[in-house]
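Subject: A structure to look at, with notes

Dear colleague,

I am handing over the structure below, and I would be glad if you opened it before reading my notes.

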Amino acid sequence: MTKPIDDDLHLWHRCVVRVREELRQLPDDERRWLSEHLRQVQQLQRRMHGFFEMADGASRCFACNGACCEKGRHHLTLVNLLGFLMAGEEPPEPDFTASCPFLTATGCCLDVERRPFNCVTFNCELVEDALDETSRASFYQLERQLRQLYQAFDCRYAGSSLRGLLIRAERLGERSFLGRI
């Protein structure tokens, strides 16, 4: 049996409130670590998106109606949420009735810098085939660097996981998202 959509939305709101409060209580040195590592994540994600644009990915996605995005139900991670909160911004309200809670009629409502790892690193065959060998090699080099950054968060914070924020939240229970491992 699948969970009701309201349960996901309630869990989402609880996660945002908890992470915001935990972030508020972090010491300055930890906030500096977060700022620097989030800056690196966002920079790499922008660079990787450049390859997607080089391959005219937007029109290729439009042609297939974003079939890959239908698999993104729980991809948003603690890293992505922290990107919003550290910038003093609210993340977009997810729509858990959609195949991906951040996919709208006009496309993804998340900025490239704050999209989940899976969304930034996955290229379908149409996009992949539009890149030359050198570009593909560069893309996958950046993917390895980005994975290492996300793993640095996973090794540091109990609530961080590439499996997604809501999945991790269910396993964490009431333990701190930003609690050190």
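This is a predicted model: local features need pLDDT of at least 70, side-chain atom pairs count only at pLDDT 80 or more; totals for chains, interfaces and linings use all residues.

Residues are numbered from 1 along each chain as its sequence is written, and side-chain values use heavy atoms, with hydrogens and water left out.

Helix packing

Two packed helices are described by the angle between their axes and the distance between the axes. Helices here are DSSP runs (H or I, at least four residues), numbered from the N terminus, and axes are lines fitted to C-alpha atoms over the stretch in contact, with angles that run from 0 to 180 degrees between N-to-C directions. An angle under 35 degrees counts as roughly parallel, over 145 as roughly antiparallel, 65 to 115 as roughly perpendicular, and the rest as oblique.

Helix α2 (residues 28-54) and helix α7 (residues 133-156) have axes that come within 10 Å and cross at roughly 155°, which means that α2 is roughly antiparallel to α7. The contact of α2 with α7 contains 15 nonpolar, 6 polar and 4 charged residues, where Ala, Val, Leu, Ile, Met, Phe, Trp, Tyr, Cys and Pro count as nonpolar, Asp, Glu, Lys and Arg as charged, and the others, Gly among them, as polar. The crossing of α2 and α7 is left-handed, a term for a near helix that is turned anticlockwise from the far one by less than a right angle, whereas clockwise would be right-handed.

For α1 and α4, the axes come within 11 Å and cross at roughly 60°, so α1 is oblique to α4. This crossing of α1 past α4 is right-handed. On the α1 side, W12, C15, V16, V19, R20 and L23 meet L78, L81, L82, L85 and M86 of α4, and by class this contact has 10 nonpolar, no polar and 1 charged residues.

The axes of α1 and α8 come within 10 Å and cross at roughly 80°, and therefore α1 is roughly perpendicular to α8. Here D8, L11, W12 and C15 of α1 meet L165, L166, A169 and E170 of α8, a contact that divides into 6 nonpolar, no polar and 2 charged residues.

The core

In soluble globular proteins, nonpolar side chains tend to be buried together. A nonpolar core means a set of buried Ala, Val, Leu, Ile, Met, Phe, Trp, Tyr and Cys residues joined through side-chain atoms within 4.5 Å, and buried means under 20% relative accessible area, exposed over 50%, and partly exposed in between (1.4 Å probe, protein chains only).

The largest nonpolar core in this model has 47 residues, and W12, L82 and F153 have the most contacts inside it. At least two residues of this core come from each of α1 (5-24), α2, α4 (78-86), α5 (117-121), α7 and α8 (165-172), with α2 giving the most, namely 8 residues. Contact means heavy atoms within 4.5 Å, and F153, not counting residues up to four places away in sequence, touches W33, L34, H37, L38, V41, V79, L82 and S160.

Helix α4 is mostly covered, as 8 of its 9 residues are buried, and these buried residues pack against α1, α2, α7 and α8.

Single residues

S135 lies in helix α7 and counts as buried, because its relative accessibility is 9%. Leaving aside neighbours within four places in sequence, S135 is in contact with F51 and M54. A137 also lies in helix α7, yet A137 is partly exposed, with a relative accessible area of 47%.

E53, in helix α2, counts as exposed at 54% relative accessibility. The C-alpha atoms of E53 and V127 are separated by 9.2 Å, although these residues are 74 residues apart along the chain.

Most residues other than glycine have a negative phi. What is phi of D56, a residue other than glycine? It is near 55°, a positive value, and D56 is found in the loop between α2 and α3 (57-64), where D56 counts as partly exposed at 42% relative accessibility.

With best wishes
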